[in-house]
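Please keep the structure in view while reading.

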Amino acid sequence: MPHVACGNCDCAFKFKIADTPHCRRPSYGSHLLSSWTIYWIIVAAALNGSAVNMRLFLLLLASVMLAGLTLATSSSSSSSSYSYYRLPTALRPQKYNLRVLTHLDNPEALRFEGNVKILFEVLENTKNITLHAKNLTIDESNITLKDTSSADKKNCISSTEVNSIHDFYVMHTCDQLVAGEIYELTMPFSADLNRQLEGYYRSSYLDPVANKTRWLSITQFEPASARLAFPCFDEPNFKAPFVVTLGYHKKYTGLSNMPVKEIKSNNEIADYIWCEFEESVPMSTYLIAYSVNDFSHKPSTLPNSTLFRTWARPNAIEQCDYAADFGPKVLQYYEELFGIKFPMPKIDQIAIPDFSAGAMENWGLVTYREIALLYSADYSSLTDKQRVASIIAHELAHQWFGNLVTMKWWTDLWLNEGFATYVASLGVENINPEWHAMQQESLTNLLTIFRRDALESSHPISRPIEMVAEISESFDQISYQKGSTVLRMMHMFLGDEAFRAGLQSYLQKFSYGNAEQDNLWESLTQAAHKYRSLPKSYDIKSIMDSWTLQTGYPIINVTRDYDGGSAKLTQERYLLNTQIGRSGRGGCWWVPLSYTTQGEQDFNNTAPKAWMECGKSGEVLPKTIKDLPGADQWVIFNTQLSTLYKVNYDERNWKLLIETLTSGDFERIHVINRAQLIDDALYLAWTGEQDYEIAMRLVEYLQREREYLPWKSAFENLKRMKNIIRQTPNYELFKRYIQKLITPIYIHLNGLNDTFSSIEQQEEVLLKTMVGNWACQYQVEDCIPVALNYYRAWRSEPNPDMKNPVPINLRQTVYCTSIRHGTDQDWQFLWTRYKNSNVAAEKRTILTSLGCSREVWLLQRYLELTFDPKEGIRRQDSMWAFQAVAYNEIGFHLARDYFMKNVDFIYKFYHPITKDMSRLLPPISEQTFLESDFEDFKSFVSNNRGSLKGLEQAIQQTLETMLTNVQWKERNYNQVARSIEVLI
């Protein structure tokens, strides 16, 4: 996160700069280049002068220029001689006593003050205390330091200094701190409750009864923002118990990680109280949480289980019922899965009106965006309900993976996020098996990673981290979805018994401590050998390091010898950028090979029948599969998409598959593998490794398909083609093709008719919702007239905020279609409903629909009010409005121009949480396909480096996506048109 330089009006440090050298660790100088910056510079230099890779060189050069500016700006504000990015190891906190007094009475002066008493052990003799503090006023005259071994051993702070790059607050002591001794440091601090949605900040909601704004305070410390709330050792491996005491007006409620121990009157401020919470278990600073609010709650403790409460603003408390029911169930499931009882005496989950992250797993006090926790049966769709379940399951899984056992450093963030993502799908599947959450989640993750990780500018799951901004960038699809995907792969090749045993051993061994991925591999290897899931010559580290320590994933080329009954397999990295030659597609992955044949059709066996192995120096070892059928039968590798790789077959095998899909018993092929075949065929055609004629012939079978997952796979791929083709003369041809493809399924599902009450399979609800959306976009059958009738009926209601006749699961489609084909009054009606709505899920549905207009002036006005806080769109929701306009074919150019012309303003709007700003980029990159537009955006990046700090990774991926679109247009546009003409 960008640092506010001292001397700036926002920097509230009070300190005296000292010249005393501070050299607990080796100093690498103030111009500390991250390893990733160096990597890109080297790659760019290597490519310089190569005509083939000149475009990629320019892409990387723009990224390096961005990174260089970030480093130069940061280093100029450093005034400390200690510049290593990690804390010194001479001190170890033993306990924190944290007292915070919060003032919420005056909206013009929302602030807090307090003091922190830190007991710490000295591991090595030193005269320095280095910890983290940022944007805090610290009264140095009241800092105290004493040796706890004797009242006679007095010490003091002689001087202080600050390193603003890494947020270090350095105190030089009068006398040496002696190894083995325990000291007590007390530091007073104060600051405003900020508006930046990090640290200790303010949030608010409108009380509809009194028509007044109600204020509350809340924390968000992950990854490195506890230092904005109180001075601390703000790294994950500096765990210690906490005693938190909150002071506030007695009309409020105080919440923290632990239960309340004692409430006392504040003898200095009338009507204020002090609320002390019980001492916590040892925990990392990023997991501390506290809030002062006037919320209501619903208790839902299961028998013989942990105290469980769900909190929300009083006028939304009825929306807590689902979360209050689901949460305790999934917590109980995890206790059984991990073999360890939930280690805290209570757990609260709370919905915060202003919240940047989706949710945060603070131990015992889990915080959520309202849309992630609240559910209304009258306003929330099935998709909304599943999202709430998945997020709750994710956050509660963290109570073990992340909280009980924490990564040593942010390099292994994926150990937190990948595990929580995967285990959440197990939890939801256990509680709601009718949703088929495992299949849905697995395919969604794979589709996401097949796209993201095919960019050369992607990164490994486990990667070096040296700056706070790099930590924030790691909270991405690679840590979450790819992390989850490789864990699912491991679960499938180990089997359930060995997988669970390995996890339980790991959690028990490192409880209340810190670990790294090698510790997990060791526990799982022991379990794998015990249960004979792996040969003794194999170990988990060798296998999994190939997936976590290198970027990307492989494509397996399968070339069959039909006469000999065998197949030769080769692997290389799959990349979307076709300018990168074979030498740039290296790498080797240990690949568990599961497969079945047309004769067997055994898709339930996902265990590997063979392995693709890597040599000791990382080279690919050749692989031949024997005992395969003859020329009349297909083979399918990667049953149920159990592993993250793409498969390209020889032409004959593809034709055998197409024959079964288009005219045979296609449902004998597992539904996930049908989705796989669509995705592989269309990707391989995109990059030129397959002919579009074959790919489009395969997709034709969808006219027979009635399951959700294959259609989801198809629509994800067709959307990427649509984003380009709809800006070209051949769009009419593409529209006719889509109409032909989806008319049968639209009719089969009874169009937009409200048949939801009679649908037995939950996935059919999702299918009907998705197909209806595409059908109205492409004017299929009666889709548009039916949607407009629903909307007119709603507009005619006397009280449209209380009664809405539009079927809940079709509201996105109906709203968007009606705004697209409607009047200014239709738009204003929906905007009024947004302002009046009390349900976060409904508000998001409306936000995304308002961008569907085809009126330029309306879209322009919508863009402007999106970034105007007075208009009622909260900052965390602004990206939904922007994306809605940007994905609209009329709004795309407006949104792109708005972003490029107002980038300074937008950067300040989101600062310091630049990750939210990066979410505005995908609709721009995905729809840019002209070389001239690509060059214009590169120039824009080069000329606006200061307003793109912290977005280096997102900018790299944006430019590379644009480049691959340019390549696709040049290579495939005419071929796609010819293939479609044949089919329609």
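In this predicted model, the count of cavities of 30 Å³ or more comes to 14. Rolling a probe the size of a water molecule over the atoms shows where empty space is left. The second largest cavity has a volume of about 130 Å³, and among the 16 residues that line this cavity, Tyr85, Arg227, Trp409, Val468 and Ile471 lie nearest its centre. The table sorts the lining of this cavity by class.

| Class of lining residue | Number in the second largest cavity |
|---|---|
| Nonpolar | ten residues |
| Polar | two residues |

Helix H17, which covers residues 731–748, has 18 residues and reaches 26 Å from its first C-alpha to its last, close to the 26 Å expected at 1.5 Å a residue. The buried residues of H17 include Tyr731, Phe734, Ile738, Leu741 and Ile745, and what covers the buried residues of H17 includes helix H15, helix H16, helix H18, helix H19 and helix H30. After H17 comes Asn750, whose phi is positive, near 60 degrees.

Is Lys251, a loop residue, buried or exposed? Lys251 lies in the loop between strand E12 (242–249) and strand E13 (253–256), and Lys251 counts as exposed because its relative accessibility is 54%, where the cut-off for exposed is over 50%. The C-alpha atoms of Lys251 and Asp271 are separated by 8.4 Å, although these two residues are 20 residues apart along the chain.

Note on methods
Residues numbered from 1 in each chain as written. Predicted model: local features only at pLDDT ≥ 70, side-chain atom pairs only at ≥ 80, totals over all residues. Heavy atoms only, no water. Helix = DSSP H or I, 4+ residues; strand = E, 2+ residues; numbered from the N terminus. Expected span 1.5 Å × (residues − 1). Buried < 20%, exposed > 50% of the residue type's maximum accessible area, 1.4 Å probe, protein only. Contact = heavy atoms within 4.5 Å. 1 Å grid on protein atoms, 1.4 Å probe; cavity = no way out; pocket = protein on both sides within 12 Å on 5 of 7 lines; lining within 4 Å. Points joined across faces, edges and corners; volume = space filled by probe spheres on them. Nonpolar A, V, L, I, M, F, W, Y, C, P; charged D, E, K, R; others polar.
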